[in-house]
Amino acid sequence: MLDSVRRTPSVRAVVSVTTDKCYENKEWVWGYRETDPLGGYDPYSSSKACAEIVSAAFRQSYFPVDRIADHRVAIATARAGNVIGGGDWSLDRLLPDLVRGFLSGKPVPIRRPHAIRPWQHVLEPLHGYLSLAEKLLSAEPAKYATAYNFGPADNDARPVGWIAERMTRTWGDGASWVLDEDPSVHEAGYLKLDASRARADLAWTPHLHLADALDWLVRWYKAHEAGADMQAYTFDQINQYETILASTPKF
């Protein structure tokens, strides 16, 4: 894709979205910053670190920020935390697995309930990506051609067990979960993001607390199960989020 950008004169801005998993996880208690080392224990994490390295290599080799007036292309990368939201039916992901289990009426096996992740509603980082793209197309694109984290407030990073408990209470109807005695694959136990750069450069902050994001998610899946028009329902949640952006103090 980046090589195609080199051959497409009309392109002015690129936001390459990777993930919080691109960092070399040291299991420390503070959030990772954009200047921390990249790495990956497993193939997925390694692939995201590679995507960051490739994006940086293209920026340095073909689109250097000190010559942006000549080539006119600004490349930034976005590293978001664990995104959640209605419509996700992926396998082996916590929230979709919980929903499938609730719908089946069976207890949901949960791996590593004490693992902490930077959970956030998908509309939060999407707002960040769009804000970043706008800045890359501004009068000072070189300032923003770098990496950015998009994650929840530090006190809103919660363990898997908290998510499962909140979801079962909100869902009701006998929903439950059990500890998976065979977690099998390697997973980081502790992961947070420091989004200070996004706050300072883009005026981006999270607006939905995790508890509210989970309520939105449950309502989406409940509406889907009831046969609602999910395109209209999804647009309605987007409109609600835009109203929050315009009226709610940032935290």
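## Aromatic rings at work

At 6% relative accessibility, Trp220 counts as buried. Keep that residue in mind as you work through this predicted model.

**Exercise 1.** Find how many aromatic pairs a search of the whole structure gives, then classify the pair of Tyr129 and Phe150.

*Solution.* The search of the whole structure returns 9 aromatic pairs. For Tyr129 and Phe150, start with the distance: the ring centres are 5.8 Å apart, and the cut-off for a pair is within 6.5 Å. Next comes the angle: the planes make 85°, and over 60 degrees counts as edge-to-face. Tyr129 and Phe150 are therefore an edge-to-face pair.

**Exercise 2.** Decide whether Tyr129 and Phe150 are buried or exposed.

*Solution.* Buried means under 20% relative accessible area. Tyr129 has 15% relative accessibility, so Tyr129 counts as buried. Phe150 has 0%, so Phe150 counts as buried too.

**Exercise 3.** Describe the pair of Trp220 and Tyr221.

*Solution.* Here the centres lie 5.2 Å apart with 75° between the planes, and the pair is edge-to-face. Trp220 is buried at 6% relative accessibility, and Tyr221 is buried at 3%.

**Exercise 4.** Which aromatic residues form one cluster, and which rings have an arginine over them?

*Solution.* The cluster is made of Tyr23, Trp28, Trp30 and Tyr32. For the arginines, the charged end of Arg6 sits over the ring of Tyr62, 3.8 Å from its centre. Arg158 lies over the face of Trp162, 4.5 Å from the ring centre.

Notes. Residues are numbered from 1 along each chain as its sequence is written. This is a predicted model: local features need pLDDT of at least 70, side-chain atom pairs count only at pLDDT 80 or more; totals for chains, interfaces and linings use all residues. Side-chain values use heavy atoms; hydrogens and water are left out. Rings of Phe, Tyr and Trp (its six-membered ring) pair if their centres lie within 6.5 Å; planes under 30 degrees apart count as stacked, over 60 as edge-to-face and the rest as tilted. Buried means under 20% relative accessible area, exposed over 50%, partly exposed in between (1.4 Å probe, protein chains only). A charge sits over a ring if NZ of Lys or CZ of Arg is within 6 Å of the ring centre and within 35 degrees of the ring normal.
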